[in-house]
Amino acid sequence: METKMWSEFLVPYRLAVDELVVKFNHIIEGYRAMGQYSPIEQVIGRVKRISSIIEKAGKKGIPLYNVENNLEDIAGIRIICQFEDDIASVIKMIKNRSDLIVHEEKDYISHQKKSGYRSYHIIASYNVETLSGKKTVKVEIQIRTLAMNFWAIIEHSLQYKYKGNMPKNISERLQNAAAAIVQLDVEMSAIRNEIVDAQNSFRIRAGIVSQILNNIQNLYKVANDREVAKIQDEFYEIYAAGDLNTLIKFSKDLDVIAEGYRSQSLPERNL
Ligand code: 0O2
């Protein structure tokens, strides 16, 4: 295939990756906007490089004119979760979507690869609208924890470095590291609720603090400077004391004060 043909061929895959990254990021934002924990921590997308497509097609004996039907990971989405339990929620979420038709699942978590690789793969089809009309493309969605991702990234770069001839001592160390990653995920899952609570209260606190600071800033425009400075000092005291409920109450009271000033500063409507 000529370079120009390759870039045309890859257009629908690029579109699919871009769209899906936006969609999964919206899911993360949706959870966070509701003050809830998101089972998706991060989403990354990539279109396989032409050189990697050619290399993989060569290894698998796939003629280049047939990569579209036989290579399933030209469009790749990687969903990173904090905890192993989140992976099941993400799988369910994907299966319930009407824009993704799942064709195949590969569970390298229950069935770890010989290399030590762990991840859950879903092969799905996804429709895009290009200038030349509707096109259905295959997408590989890899779902894994932060810890599994750390291992896979390191191992992938070593695989690339040694090109199939990984020294024994390095592959042994990678096996050990893979076992440690399994243990790490188990330990983190055991204190999942503690971690999620801490993260939620951090997020709530950060949201409230930014709302309070925003209100104080606006009050400086409409209220007496000394009065606002007093409110500000009170806020610093409450913030330093660290009690979330007092902070929430202070924020609500401040909302009422700010609303009072806002209605005073509104021009009276002509009757
Ligand atoms: P890249 O550079 O990430 O794109 P198969 O089902 O075996 O016929 P395939 O496509 O090899 O065909 O499937 P598999 O084994 O599920 O691998 C798909 C992708 O998973 C790989 O793509 C890697 O991204 C990842 N993967 C699979 N095995 C390993 C592993 O042992 N280590 C790491 N780090 N990643 C792995 P590519 O094309 O190999 O690579």
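By class, the shell around the ligand has three nonpolar, five polar and nine charged residues. Here Asp, Glu, Lys and Arg count as charged, and Ala, Val, Leu, Ile, Met, Phe, Trp, Tyr, Cys and Pro as nonpolar; the others, including Gly, are polar. The model is predicted, with local features needing pLDDT of at least 70, side-chain atom pairs needing 80 or more, and totals for chains, interfaces and linings using all residues. Residues are numbered from 1 along each chain as its sequence is written, and side-chain values use heavy atoms, without hydrogens or water.

Of the 17 residues around the ligand, Lys-48, Lys-56, Lys-60, Lys-106 and Lys-113 come nearest. A residue counts as near if one of its heavy atoms lies within 4 Å. Polar contacts (N or O pairs within 3.5 Å) include Lys-56, with a side-chain N or O atom 2.7 Å from a ligand oxygen. A polar side-chain atom of Ser-115 also lies 2.7 Å from an oxygen atom of the ligand.

The ligand takes up the largest pocket, as more than half of its atoms lie within 2 Å of the grid points. A pocket is an open set of points on a 1 Å grid over the protein atoms alone, where a 1.4 Å probe fits, with protein on both sides within 12 Å along at least five of seven lines; lining residues have an atom within 4 Å of a point. The lining has 36 residues. Helix H5 (146-162) is among the contributing elements and supplies the largest share, eight residues. Helices are DSSP runs (H or I, at least four residues), numbered from the N terminus.

Key:
Helix = DSSP H or I, 4+ residues; strand = E, 2+ residues; numbered from the N terminus. Polar contact = N/O pair within 3.5 Å; in protein donor to acceptor, adjacent residues only side chain to side chain.
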